[in-house]
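Work through the exercises below with the model open. Each task is followed by its solution in steps.

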Amino acid sequence: MDKTPQTEPRQSWTFSNSINSEIRRAAASGIYDIRGGGAKRRVPHFDDLLFLGASMSRYPLEGYREKCDTSVTLGTRFAKKPIELKIPITIAGMSFGALSGHAKEALGRGATMAGTSTTTGDGGMTEEERGHSEKLVYQYLPSRYGMNPDDLRRADAIEIVVGQGAKPGGGGMLLGQKITERVAGMRDLPVGIDQRSACRHPDWTGPDDLEIKILEIREITNWEKPIYIKVGGARPYYDVALACKAGADVVVLDGMQGGTAATQDVFIEHVGQPTLACIRPAVQALQDLGLHREVQLVVSGGIRTGADVAKALALGADAVAIGTAALVALGDNDPKWEAEYNKLGTTAGAYDDWHEGRDPAGITTQDPELMKRLDPEAAGRKLRNYLNVMTLECQTIARACGHNHVHNLEPEDLCALTMEAAAMAQVPLAGTNWYPGKSGF
Amino acid sequence: MTTTLDKTVLDMTEMELREVNTTLQAAAKAKANEAFVITNPRGSHAMAVGLDGPINVTIKGSTGYYCAGMNKEATVTVEGSAGPGVAENMMSGTVTIEGDASQYAGATGHGGLLNIKGNASSRCGISMKGIDIVVHGNIGHMSAFMAQKGNLVVLGNAGDALGDSLYEARLFVRGTVKSLGADCIEKEMRPEHIEILKELLEKAGADARPEEFKRYGSARKLYNFNIDHADEY
């Protein structure tokens with residue numbers, strides 16, 4: 001007798017192998033998953049946009065002969081000494097503690113060679129970083145770890161961190177295994193204990209207070225330093241408007257793909273908006289206040305290529321910031337360490353347990369032996385190369401669209417491949433002159 | 001700006017805040033131990049901030065937010081009350097408030113002495129990192145939240161949730177404590193604590209004996225994440 005045919009085993013989309021593995025991990029450990037990096041889920045992004053290029057109605061510039069300027073000045077609103085950058089790509093804030101001293105040095109070296117700025121993070125300013133960064137932005141965070149007036153004065157700009165894209169509304173946690181004597185000393189805490197970074201600033205509670213806080217910082221620094229306000233991608237229209245009201249020279253807007261050193265996976269994946277969805281409302285807020293280009297907008301969260309840079313600028317940003325991409329350029333998640341990633345139960349490209357301090361690439365660690373694996377000079381050169389390539393790519397696109405400055409890129413240069421991207425970027429769906437939300441249809 | 005009896009008077013009906021702070025900051029930097037009196041402060045914010053050197057500043061009246069913020073070495077006296085964040089992130093020196101202090105007094109301070117002759121509002125000493133704070137009156141709720149280092153001395157009473165999520169700061173309270181925050185417990189007052197307290201009371205000119213105080217500190221149960229303590233977080 002023939003055997004009755006059976007349907008093949010069917011996996012649940014809802015209860016996928018990945019979801020089930022997380023349920024088993026939670027059941028075994030009793031604690032949520034903590035990891036580094038930004039959102040890994042697929043969200044509408046710059047990949048869903050295309051440039052139209054020049055045609056009968058647009059006149060392109062010659063690729064290698066005609067100038068396409070990339071310079072940007074940040075902090076022109078109130079600061080006596082705005083920051084002048086050669087390229088519109090900056091290095092985002094990442095802490096010493098989360099990163100090794102060598103990694104911070106490499107970021108400073110690479111950024112300086114490329115003519116741009118780098119940024120401190122939670123944990124204060126290190127000599128390696130200040131010494132190797134021609135232009136250094138000093139973060140002013142809720143924890144105030146390492147905060148002091150001397151470093152405030154020797155910074156080139158000050159970034160008040162209200163939130164970040166990976167965890168808008170959340171604080172941070174540097175786990176005890178990364179708290180060496182040096183890290184602990186800078187943070188005024190004992191060695192080896194978990195160090196919490198508060199989610200709110202200790203001495204102000206809203207934009208009215210923040211305005212006075214900014215007054216204090218400007219008075220301490222002789223009104224010289226540009227004051228940035230960094231917000232996560234939560235309510236970009238109102239956040240940017242209120243940041244302007246509080247007196248920001250520059251607003252840094254970080255979407256959900258922006259990385260963190262360590263946060264709950266549920267937070268990273270389920271709180272905040274994609275970078276693409278944040279830019280137009282932010283620009284609208286600046287335009288409504290008559291402050292577009294007077295208060296500069298720096299966008300971060302998932303910037304990887306010169307095309308991403310060009311698209312962010314076309315949507316109205318003045319510059320972008322990179323974090324995760326900069327770490328990859330230094331050597332993070334390099335397949336050459338695959339055997340060691342496997343020992344940690346992961347694989348190159350997926351390694352995100354940055355908080356555990358066992359990074360084979362020697363970047364997100366305080367282990368002296370692992371740290372030695374990163375040569376700050378060589379890594380700095382790689383970062384410079386990467387920044388240069390992104391800049392050239394951005395210029396290539398801008399010239400093709402007929403612009404002699406990358407800031408002349410505009411939404412009219414773009415179309416979208418998906419309805420979602422069209423709605424978020426407010427540019428027409430490819431092949432149409434319409435996007436969702438546009439009136440008249 | 002006028003000079004009388006070795007004191008330079010800065011009248012804020014005649015000078016803008018920027019000019020006042022520029023004058024004080026330059027004098028502090030010169031390290032000449034000059035003395036200044038500020039009149040008519042009218043609750044101005046960010047007064048006498050970022051002073052970096054030995055200088056004596058007396059403010060005749062009440063101040064707004066962040067008076068004496070990030071102070072180093074300077075001696076600042078407010079002959080009135082102080083608004084939120086007085087002596088925030090102070091590094092060294094002495095700041096004295098003759099009246100009351102509003103929220104976040106001494107927030108994130110790294111060093112020096114903040115001497116409040118009246119009461120202090122909520123979150124006094126929040127995230128303090130080495131500063132000494134003496135409050136002659138009472139303090140409000142959530143004081144010494146996440147306090148890392150230094151000493152908070154309260155001659156009166158403390159409000160709710162004192163020392164919540166405390167690290168290594170020492171808290172001394174003479175009166176009652178309405179409630180203790182997560183991970184904050186009463187601790188034994190050992191001879192070394194009596195000595196520390198005695199010295200601080202003397203420096204602050206406080207009329208109290210160390211033996212009258214109780215000491216509070218961290219139970220250190222939240223120092224490394226433990227799921228069994230999840231209800232505490």
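**Exercise 1. Decide whether Met91(B) is buried or exposed, and find what it touches.**

Step 1: count neighbours. Met91(B) has 21 C-beta neighbours inside 10 Å, so it counts as buried. The cut-offs are these: a residue is buried if 20 or more other C-beta atoms lie within 10 Å of its own, exposed if 12 or fewer, and partly exposed in between, with C-beta atoms placed from the backbone.

Step 2: Met91(B) sits in the loop between strand E5 (75-78) and strand E6 (94-97) of chain B. Helices (H or I, at least four residues) and strands (E, at least two) are DSSP runs, numbered from the N terminus.

Step 3: list contacts. Leaving out residues up to four places away in sequence, Met91(B) touches Asn148(A) and Pro149(A) in chain A, and Met70(B), Asn71(B), Lys72(B), His110(B), Gly111(B) and Gly112(B) in chain B. Two residues are in contact if their C-beta atoms, placed from the backbone, lie within 7 Å.

Step 4: check a distance. From C-alpha to C-alpha, Met91(B) and Ile139(B) are 22 Å apart in space, and 48 residues apart in sequence.

A note on the model: it is predicted, so local features need pLDDT of at least 70 and side-chain atom pairs count only at pLDDT 80 or more, while totals for chains, interfaces and linings use all residues. Residues are numbered from 1 along each chain as its sequence is written, and chains are lettered from A and ligands numbered from 1 in the order in which they are written.

**Exercise 2. Describe the side of chain A that touches chain B.**

Step 1: count both sides. Chain A puts 20 residues into the contact, and chain B puts in 33 residues.

Step 2: find the main contributor. H6(A) gives the most to the chain A side, with 5 residues.

Step 3: sort by class. The chain A side holds 11 nonpolar, 3 polar and 6 charged residues. Ala, Val, Leu, Ile, Met, Phe, Trp, Tyr, Cys and Pro count as nonpolar, Asp, Glu, Lys and Arg as charged, and the others, Gly among them, as polar.

**Exercise 3. Work out how helix H7 (residues 236-246) of chain A is enclosed.**

Step 1: count. Of the 11 residues of H7(A), 8 are buried, so the helix is largely enclosed by the rest of the structure.

Step 2: name them. The buried residues are Pro236(A), Asp239(A), Val240(A), Ala241(A), Leu242(A), Ala243(A), Cys244(A) and Ala246(A).

Step 3: find the cover. It includes helix H6 (207-220), strand E11 (227-232), strand E12 (250-254) and helix H9 (275-288) of chain A.

**Exercise 4. Compute the packing of H7(A) on H9(A).**

Step 1: get the geometry. The two axes come within 7 Å and cross at roughly 40°. Axes are lines fitted to C-alpha atoms, for helices over the stretch in contact, and angles run from 0 to 180 degrees between N-to-C directions.

Step 2: classify. H7(A) and H9(A) are therefore oblique to each other. Angles under 35 degrees count as roughly parallel, over 145 as roughly antiparallel, 65 to 115 as roughly perpendicular and the rest as oblique.

Step 3: list the meeting residues. Pro236(A), Tyr237(A), Val240(A) and Ala241(A) of H7(A) meet Cys278(A), Pro281(A), Ala282(A), Gln284(A), Ala285(A) and Leu286(A) of H9(A). By class, this contact has 9 nonpolar, 1 polar and no charged residues.

**Exercise 5. Repeat for helix H10 (residues 306-314) and helix H14 (residues 376-400) of chain A.**

Step 1: the axes come within 7 Å and cross at roughly 55°. H10(A) and H14(A) are therefore oblique to each other.

Step 2: on the H10(A) side are Gly306(A), Ala307(A), Val309(A) and Ala310(A), and their partners in H14(A) include Val389(A), Met390(A) and Ile397(A). The contact has 9 nonpolar, 2 polar and 1 charged residues.

**Exercise 6. Where do Asn222(A) and Arg220(B) lie?**

Step 1: Asn222(A) is in the loop between H6 and E11 of chain A. Its phi is positive, about 60°, although Asn222(A) is not a glycine.

Step 2: Arg220(B) is in the segment after strand E12 (214-218) of chain B. Phi of Arg220(B) is near 60°, also a positive value in a residue other than glycine.
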